[in-house]
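Hello,

Here is the structure we spoke about, for you to open. My notes follow below it.

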Amino acid sequence: MVLLHGSVHDSRLWDSVFPELALHRTAIRYDARGPGRSTLPTAPFRYEDDLLAVLDHFGIERAALVGLSMGGEVALDFTLEHPERVRSLTLVAASAGGHDWPQSPELDAYTAANRGNDADRLAEVELAVWASLGDRAPGYPAIATMVTENAKVRAVVEKGHVLFPEEDAVEHLERVKVPTTIVVGDHDHPEIGVIARRLAEGIPGARLEIVAGADHYLPLRAPERLTEILVRR
């Protein structure tokens with residue numbers, strides 16, 4: 001089972017899930033290029049190619065992929081490109097290539113902070129919008145630390161380095177043939193809920209799980225429930 005994090009996250013996103021999960025599965029988590037302990041990219045790259053390299057490095061023929069947010073988008077794109085390498089798919093609070101996001105003041109502020117390479121503002125908006133349950137809900141200190149550190153490198157990673165798939169995943173959901181679970185927190189951003197329903201309706205046989213008491217940072221907000229879901233994969 002390979003765990004993929006989001007854009008201003010790193011492998012610490014899975015800290016509250018990984019120990020128990022590793023008792024039941026051979027589990028792998030890694031930092032995508034730039035965040036966490038990874039080095040910054042120096043040339044264009046694809047997240048999907050990096051995932052393939054990780055699988056090849058460990059000699060894994062078929063993996064259960066688990067991706068949150070951007071990591072879910074990568075997992076979905078990888079499944080469409082390399083269906084023979086995927087055993088199952090779990091998309092947690094996932095984004096999806098080709099989905100049109102509506103304009104809103106908070107999302108516009110997020111985009112402006114990212115494009116302006118304003119790390120402090122990006123972290124501030126990230127925590128306000130995506131960690132909407134705030135500092136009184138479980139996991140907040142870990143969330144705040146991770147976001148603050150990784151906001152400093154996000155713009156560097158994205159500008160001129162990340163290459164995206166040519167096809168929009170949302171136009172090809174019917175091609176996903178592996179067992180798929182869609183997981184979303186009941187306090188996540190409303191548009192993530194829209195995407196979750198779109199994925200659940202478009203992917204044949206997909207199951208939708210709504211987790212109570214969780215925002216976008218579901219693995220740190222409701223780790224026990226997420227672990228239960230993942231152990232079944």
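**Notes on the model**

E174 sits in the loop between α6 (140-158) and β5 (180-185); helices (H or I, at least four residues) and strands (E, at least two) are DSSP runs, numbered from the N terminus. This is a predicted model, in which local features need pLDDT of at least 70 and side-chain atom pairs count only at pLDDT 80 or more, while totals for chains, interfaces and linings use all residues. Residues are numbered from 1 along each chain as its sequence is written, and side-chain values use heavy atoms, with hydrogens and water left out.

E174 is partly exposed, because its relative accessibility is 42% (buried means under 20% relative accessible area, exposed over 50%, partly exposed in between, with a 1.4 Å probe and protein chains only).

In helix α4 (residues 105-115), the buried residues are L107, A109, Y110, A113 and N114. Seen down the axis of α4, they fall within an arc of 155°, so they line one face of the helix; the arc is that of the directions from the helix axis to the C-beta atoms. P105, A112 and R115 are exposed on the other side of α4.

There are 16 salt bridges in the structure (a side-chain nitrogen of Lys or Arg within 4 Å of a carboxyl oxygen of Asp or Glu). One of them joins R85 and D56, at 2.9 Å from N to O. This pair links distant parts of the chain, 29 residues apart: R85 is in the loop between α3 (70-81) and β4 (86-92), and D56 is in helix α2 (residues 47-57). R85 is buried at 11% relative accessible area, whereas D56 is partly exposed at 46%.

Regards
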